[in-house]
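Hi,

Here is the structure I promised to pass on. Have a look at it first, and then read my notes below.

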Amino acid sequence: MNPRVAVITSGYLPVPNVLGGAVEALDMMMVRENEKTPNFEFTVFSSWVPGVDEVIRDGAFQHTDFRFIKTPMLVKAADRCIYWAAKYILRKKKLMSYRYIAQRLWYIRKVAKALSKDDASGKTPFDKVMIENHATLFMTMQKYGNAERYADKVYYHLHNEVTNDFGCKHEIAQVKKVLGVSNYIVDTLDKFLREHGEGGLKPEQKAVWRNGVDTSRFGSEEADKKAQVFRKKYGIGENDVVFLFSGRLTPEKGAEELLRAFSEVAEEISNAKLVVAGAFFFNSNIVSPFEQKLRDLASNPGVKDRIIFTGFVDYDDMPAIYAMSDVCVLPSIWDDPAPLAVIESLVSGKPLITTCSGGIPEYADNQSAIILERDDRLVDQLAEAMIELAQDSGKRAAMGAHAVTLRSELNKEMYMSQLSGLMR
């Protein structure tokens, strides 16, 4: 019999008209692949929002039970009061931290209760528990004796650096295995635990579960065909060299440094265009102050009409956005654990310019990417790398061809195969 695994997500599953982040998108890829070759019987816990029930329509999932937890109106009202107090009385700066406190605690309590209920034979309802990313979810282990019930059965799927354990550092330190998206992110947790009074992670607790994407879409013939439509839409000529930045428009992603570098080289590579695909807000073209700063930089003489802002792009269109580009430039200036944009660029067969940040070098290598140091010369280095690749089509082709070879390591089948090995 396949092991019964409870998957505790940190947000909303990415279904039509519902916001879901990268972690939840990977959850859905996981359960869909498990339907093809069942290795687990999943129970996925997620918050409920209108439309989320479409996930389980038509009995598409035979090996996954979705349990959507609804939030009472009274709990939502409590959150509005907390947020109001944080904004107007306490004058807190990081307001997003105060928007869903009551709802998160309600969700944790309901999940913890479900984990504690033994089945008809008196056995624990799950053989294993996978906690997705957010440290607050370990509060489920602090309730109803769950820490003892699931001792040596908890796996931590970690995507981001832990900076606050929310009183759960002991439960985190006791996990069966940390499934980090990169060695870098596993090491940050080990360091955090040591600095906060725990003994750190034992070697057998450390594991890497590398991210993957759907290579039937990225780098596909369909994406190539659709790319021609997008090139026409954005006024990109047949002989133009297209540099692509994709991702949320936030300072740590390096978009400002990229725009400054492109401004420096625009005259030297006159057939180059820069496409900035993304926005600050999901499913919205509201312009944030940082994005406005980028648009102001793009309005300077010499680059005007050569820097194209697409605004928010539906994820279904992203394979074509990559396909219409010649070079992807993702100059992250923070320790990015394992950005999906890097993986999507590589499996799309595109040469990459990126930085030696976080877990990025664990996915991109020197044959598929120009990997730059994050230092005071980053803008100049970006400019030099763009000139080099714009003027050398042979090198672009060689780097792209090597990137294509990584598809077999970064696809959804390998993603699921890794999990089967790590959890069995």
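Which residues have the most contacts inside the largest nonpolar core? Keep in mind that this is a predicted model. The answer is Phe45, Leu115, Tyr156 and Phe243, in a core of 107 residues. Helix α12 (residues 378–391) supplies the largest share of that core, with nine residues. There is also another core lying apart from it, with 24 residues, including Val7, Leu26, Phe68 and Met423. As background, nonpolar side chains tend to be buried together in soluble globular proteins.

Leaving out residues up to four places away in sequence, Phe243 touches Phe262, Ile269, Ala272, Lys273, Leu274, Val275, Val327, Val329, Met386 and Ala390.

Next, the sheet. The model has an open sheet of seven strands, paired in parallel, and the order is β3-β2-β1-β4-β5-β6-β7. At the edges sit β3 (64–69) and β7 (206–208), each of which pairs on one side only. On average, neighbouring strands here are turned by 20 degrees against each other, ignoring direction. Strand β2 (residues 41–47) runs parallel to β3 and is joined to it by six bridges. Phe45, one of the core residues with the most contacts, has Arg67 in β3 as its bridge partner.

Now to a loop residue, Asp118. You'll find Asp118 between α3 (101–116) and β4 (128–132). Setting aside neighbours within four places in sequence, Asp118 contacts Lys123, Thr124, Pro125 and Arg149. Arg149 is 31 residues away along the chain, yet its C-alpha atom is 9.9 Å from that of Asp118.

Searching the whole structure turned up zero of them. For Cys328, the nearest cysteine sulfur belongs to Cys356 and is 19 Å away. Cys328 counts as buried because its relative accessibility is 0%, and Cys168 counts as buried because it is at 0% too.

That's what I have for now.

Cheers

Note on methods
Residues are numbered from 1 along each chain as its sequence is written. This is a predicted model: local features need pLDDT of at least 70, side-chain atom pairs count only at pLDDT 80 or more; totals for chains, interfaces and linings use all residues. Side-chain values use heavy atoms; hydrogens and water are left out. Helices (H or I, at least four residues) and strands (E, at least two) are DSSP runs, numbered from the N terminus. Contact means heavy atoms within 4.5 Å. Two strands pair if DSSP finds at least two bridges between them. Axes are lines fitted to C-alpha atoms, for helices over the stretch in contact, and angles run from 0 to 180 degrees between N-to-C directions. A nonpolar core is a set of buried Ala, Val, Leu, Ile, Met, Phe, Trp, Tyr and Cys residues joined through side-chain atoms within 4.5 Å. Buried means under 20% relative accessible area, exposed over 50%, partly exposed in between (1.4 Å probe, protein chains only). A disulfide is a pair of cysteine sulfur atoms within 2.5 Å.
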